[in-house]
Every structure is written in structure tokens, then in C-alpha cells.
Amino acid sequence: MFHRGKFNSLQRHFFTLHRYSDKSFSTRQRTQCECLNFIHPKKGEGEYLKISSNQKSRGLMSHRNGESKWSLPNALRRKTQKTLGELYTHPLHKRFPQTDLSCRQYSSASNTVAESLAHWSAKLEDAGVPESRLSAEHITAHVVGIPRGKLHENSTTTVSEALYSELDRLMTCRLARMPVQYIVGEWDFYNITLKMRPPVFIPRPETECLVEKALELLRGISTPKVLEIGCGSGAISLSLLKSVKDLQCVAVDQSKHAVSLTKENAQHLKLDDRLVVVEGKVTHEKFPTLPYEHFDLVVSNPPYVLRKDLMEVQPEIMIFEDMRALDGGKDGLDTIKPILLHCQHFLPQACSILMEVDPCHRYLLPAWLKTQPSIKLEISSVMQDLNGKDRFILFTKL
């Protein structure tokens, strides 16, 4: 059963650092802090958790053996334990004593790629981590420096003691359900490789279908302009820019972390000369200022998860990703409705808005549009994702 009070309590703690820090993760609990310390023990403060003075009461730094470490104060930790349960808030070394990083030693019994993969695949599976073998392969390939597809060819390659220690470090974070994408720091999407870091939303495979459908709509248009709402890591915009050489794109997101990562990915892919990234929130009352007045296509993967479904998301999402990128409100339409309301004005007649949605929205949106005479849009197509669910809706300007 969904409890509104419990969800509100989660949301308050999930967004603490986003609201009050200049440059931070959405550090929901001690588990995340420890994972970040494990991945970057020496540069966690400067690169990730730059806590402002307003945040000192919520995130505290301690000094152990001369190194700065991040943790949460006891009061907030107890509150988080009560809300989520103890599974994700026990210190890592207590939850996984067999992988305690402070005492684990190099073992010749697991010093080849194949043996290491078998060892960690079993541990991840025993801990209930989904896609345990795949996770072990991605992390092992990242640490050893071998493409994942060539791990089998290099199965007898010896894993040095230093690399073995690094595997311990990163696999322990996976045991704590940190997403693989954040652990390895990059991920392939459609025709590009994106840098990834918390709490920016991780692009899903079904969103690649959204890119393909957008490319179909852009076919035959000379020097097209595309507006993306909710860019996250920049996956959609950058994939389109990579595919269409004369495309100009504007990407909007409310998260400064997403805006920063999109710019970084654009520069890394050498596509920043055709991309403008705008930080701003889309609501019924306001819309960010854009550099162009008209666009040939608006594309969006907005927050569309119904609030009652948020309590069912996996720990990887619940703990580490920005829940604002998923929370679509009671009916999942809190962001979708303002997008339709505002973006219609940027489109010439017969141009489109392509949007990823929840399957139930194909039934909710037509009824809502009938009550909005000021919105000159019609649903021209509903398309399915890889799993056969109604995932994409195409709106056409009347």
C-alpha cells in the first residue's frame, strides 16, 4: 500500500543536498556517502560533495587517518533508517564483512580475469544484485582496461594486486546497489558514449527508440532546430546532433548537475558548437528563456512516473538517482502538461512534440486535451517501446 506521508518523508531527505548545496550529490543516506568515499577517497570533497554552510547540519565531514570522509549526522541517519529500513543504511563493512576494504588482502585464488569474474558474479548474485554477471563484467572491464566483449579472450590475464584492490573497492559499491553507470563513470547510448555521475538521471535503453523516432521526423528538413526538455546527461540531444550534421539543438533541464554534465559531454564529443544548454524549470506559470523562437521538433523524456509507483523503484534509483527526474506527480502529468502548454507556441503548423510517457497516459491525455481549448495540439500517434508498452506519444500542431 502506498503511504503519502512516507513518500513525502523520502522526498525531503532525497532532495536535501540539491536544495542547499552549491555542488553536491543528492546524498540520501550513509550508504551513498560511503560508496563515494570508496570510489574517490582522496577527491570526494572537492569534486563531489562541496557542502555549503547551510548544509553543515545535514552532511558532516570527519577525518580518519588524515583523510576527509563524508557521513551523515546520527539524527538524520536514524531518520533515514526508519524510513527506508536498515538494509541501505548500515555501514558497508558491517553489511558485507567478507568484503571489508580495510582488511581484505590479495588472494592468488582469484588473480585472473576469469576467476575474478566468477568470484564477484557469485557474490553479487548472493546479495540479490540484479544482472550480477553483467555488472561484474562491466566493472572488471573498466578496472582491467579491456573492452567487455574481449574479456573472454583475456580470461587468463593476471589481475595485479593493485587492480584486485580496485575491484574490491568498486564491487563493494555495486553490492550497495550503486548503479554500474556511476561506478564506471561512462555509458554507451545509441551512437555516443556519455560520461555519467550521480545524481544525473541515467538514460534507459527504451529512450534510444525515442531518438530513432525523432530522426525519422527530422528526415528531409533542412538545418532543423530541436528543443529538448529534461536533457539529463544530454543523451537525446547529443545523439541527434551526432546523427544530423546541420542540426541545431537547445537542451533544457532544471538540475544544475544535469546542465553541467550535458555541457561536459557536448565538449567531450565536440558537439558543443551546435548545442545551447539552458538551466530552468518548466511549470504552468513560467518557461525558461530560449535563444530561438521556433523549432521544427520538441522532444522530451520528462518525469512521468506516477507518484504511487515511486515506492516500487529499485534501490539503485531510490538511493542514487535524482528522484525529481522521475516524479511526475499524482497522475504522472505534472511536467507533461506544462510542456504541452508552452511548447505548442514554438512550433509551426504540422510540426510535432515527441514525448516518452507512462503507458497509462495514452488514455489520460486525450481526455485532458479536450478540456484545454487553448492547446492547439492533437495526438497523431502512439508508439510502443521494446517491451511492447505504449511508451511514446506524438503530438502535432494544428
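The model is a prediction, in which local features require pLDDT of at least 70 and side-chain atom pairs count only at pLDDT 80 or more, while totals for chains, interfaces and linings use all residues. Residues are numbered from 1 along each chain as its sequence is written, and side-chain values use heavy atoms, with hydrogens and water left out.

The protein contains 16 helices and 11 strands, taken as DSSP runs (helices H or I of at least four residues, strands E of at least two) and numbered from the N terminus. Of its 398 residues, 55% count as buried; here buried means under 20% relative accessible area, exposed over 50% and partly exposed in between, with a 1.4 Å probe and protein chains only. The accessible surface comes to about 18400 Å², and 47% of this belongs to carbon and sulfur atoms; areas come from the Shrake-Rupley method with a 1.4 Å probe, and for residues only the protein chains shown count as cover. Among contacts (heavy atoms within 4.5 Å) with a separation of 6 or more, 69% are between residues 24 or more positions apart.

An open sheet of 7 strands has mixed pairing and the order S7-S6-S5-S8-S9-S11-S10, where two strands pair if DSSP finds at least two bridges between them. Strand S7 (275-279) and S10 each have a single partner strand and stand at the edges, so one side of each lacks a neighbour in the sheet. Neighbouring strands of this sheet are turned by 20 degrees against each other on average, direction ignored. Axes are lines fitted to C-alpha atoms, for helices over the stretch in contact, and angles run from 0 to 180 degrees between N-to-C directions. Within the sheet, strand S8 (residues 297-300) and strand S9 (residues 352-356) run parallel and are joined by 4 bridges; Ser-300 has Met-355 of S9 as its bridge partner. Helix H15 packs on the sheet and touches strand S5 (225-229), S8, S9, S10 and S11, and its direction makes about 170 degrees with that of S9.

In helix H16 (residues 361-370), the buried residues are His-361, Leu-365, Trp-368 and Leu-369. These residues lie on the same side of H16 because they cover an arc of only 100 degrees around the axis, the arc being that of the directions from the helix axis to the C-beta atoms. Tyr-363 and Lys-370 are exposed on the other side of H16. The cover over the buried residues of H16 includes helix H15 (336-343), strand S10 (377-384) and strand S11 (390-397).

Strand S3 (residues 186-189) runs antiparallel to S4, to which 4 bridges join it, and the two strands form a hairpin with 2 residues between them. Asp-188 stands opposite Thr-193 in S4. Strand S4 (residues 192-195) has Ile-192 and Leu-194 on a covered face, and Thr-193 and Lys-195 on an uncovered one. In a regular strand, side chains alternate between the two faces of the sheet.

Tyr-190, in the loop between S3 and S4, has a positive phi near 50 degrees although the residue is other than glycine. Tyr-190 counts as partly exposed, at 33% relative accessibility. Ala-350, in the loop between H15 and S9, likewise has a positive phi, near 75 degrees, and counts as exposed at 54% relative accessibility. The peptide bond from Pro-198 to Pro-199 is cis, with omega near 0 degrees; Pro-199 is in the loop between S4 and helix H11 (207-218).
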